[in-house]
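Me: I would like to learn how to read a protein structure, one feature at a time. Could we go through it together?

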Amino acid sequence: EMEQGNYTIVTEFILLGLSETHEVQMILFFLFLIFYMIILPGNILIVLTILGDSQLESPMYFFLANLAFLDICYCCVTPPKMLADFLLHNKTISYSACMVQLFFLHFLGAAEAFLLMAMAYDRYAAICKSLHYSRLMNRRVCCALVGASWGGGFIHGIIVFTLTIHLPFCGPNILDNFFCDIHQLVKVACADTSMVELLMFLSNGVIIIMCFALLLISYTVLLMKLQTQSSKGKSKVVSNCVSHIIVVFVMCGPAMYIYGLPFQVVPMEKVVAVFHTVIFPLTNPIIYTLRNREIKSSMWRLVRKHILSSRK
């Protein structure tokens, strides 16, 4: 902390982390490390497989590659700091690093929500506008939808960052979590934060609830539409839609639990935050992959190709 006039300005925050017990921290460190050593390369393999296989050039795979890349980026925001803090006695984060972490957390999280909506539109065009699908979902449209997802996420991140950067912090500087999020920062701000809380709720809670409702309605309509179509290829389309619905619940469920109520005390917030920021993002592309034969066979071809080339 440093003095400025009559106020003490916070220059760093203390993170309480997931546990104060050293033994529990070591167990969690190795569990999360093993998880990352298995799942993170799997997501990278998904991106490389889709980019390297000419048979996977449809919009669905293009969006999946972007989702995997987005989740890889998202999981570089909080987990590295969390893993490092498991090994440190003093878990501190500078003010500037805290603001950067906050920005990228909301930027990438919102971008993923918008990308899921783009993927829902792709499934709508494939099922309800199948005769015009190639025209509706050409490469330019797909790139525009992905760009709009990243752009919308960036705007959301800037809004959250701007609202937070103007909050005064004069102590205490203890955040009861393993990363910097707006809930904890508002609690330690030295000002009336009622207006900021309302704006944050409108920016976070309303957006995630609206995205969840629109996605759920759209996939429900698509599944009902499939019931009226012929059985040829229907099982594959249903499987893809079910994968999308699972990811929607996996992503939006914890987010609504944390941000759905305007800054009220959330029971088990740390546990839900772990799944929301660490576990679920990396498992989203895996859910699609496990239910898709084309990607699995292409991945095995890519792996066998590199294994054979390394033996020569």
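Me: How many salt bridges does the structure hold?

Reply: The thing to look for is a side-chain nitrogen of Lys or Arg within 4 Å of a carboxyl oxygen of Asp or Glu. This is a predicted model, and the structure holds four salt bridges. One of them joins the side chains of D53 and R301, with 2.9 Å from N to O.

Me: Which parts of the chain does the pair of D53 and R301 tie together?

Reply: To answer that, one asks where each partner sits. D53 belongs to the loop between α1 and α2, while R301 belongs to helix α12 (residues 293-311), so the pair ties together parts that are 248 residues apart in sequence.

Me: Is D53 buried or exposed, and what about R301?

Reply: The cut-off needed here is that a residue counts as buried under 20% relative accessible area and as exposed over 50%, with partly exposed in between. D53 has a relative accessible area of 12%, so D53 is buried, whereas R301, with 37%, is partly exposed.

Me: Which parts of the chain does the pair of K270 and D176 link?

Reply: The side chains of K270 and D176 meet in a salt bridge of 2.8 Å, N to O. This pair links distant parts of the chain, since K270 is in helix α11 (residues 269-290) and D176 is in the loop between β5 (174-175) and α7 (182-188), 94 residues apart. K270 is partly exposed, with a relative accessible area of 22%, and D176 is partly exposed as well, with 38%.

Me: At what angle do the axes of helix α1 and helix α2 cross, and which residues make the contact?

Reply: For a pair of helices, one reads the angle, the distance and then the residues between them. The axes of α1 (residues 22-52) and α2 (residues 59-74) come within 9 Å and cross at roughly 150°, and the crossing is left-handed. The contact is made by L40, N43, I44, I46, V47 and I50 of α1 and by Y61, L64, A65, A68, F69 and I72 of α2. By class, this contact has 11 nonpolar, one polar and no charged residues.

Me: How many residues are in the largest nonpolar core, and which have the most contacts inside it?

Reply: In soluble globular proteins, nonpolar side chains tend to be buried together. In this model the largest nonpolar core has 90 residues, and those with the most contacts inside it are F13 and F63. Helix α4 (residues 95-128) gives the largest share of this core, 16 residues. Leaving aside neighbours within four places in sequence, F63 is in contact with residues including L115, A118, M119 and D122.

Notes
Residues numbered from 1 in each chain as written. Predicted model: local features only at pLDDT ≥ 70, side-chain atom pairs only at ≥ 80, totals over all residues. Heavy atoms only, no water. Axes fitted to C-alpha atoms, helices over the stretch in contact; angles between N-to-C directions. Helix = DSSP H or I, 4+ residues; strand = E, 2+ residues; numbered from the N terminus. Left-handed = near helix turned anticlockwise from the far one by under 90°. Contact = heavy atoms within 4.5 Å. Nonpolar A, V, L, I, M, F, W, Y, C, P; charged D, E, K, R; others polar. Core = buried A, V, L, I, M, F, W, Y, C linked by side-chain atoms within 4.5 Å. Buried < 20%, exposed > 50% of the residue type's maximum accessible area, 1.4 Å probe, protein only.
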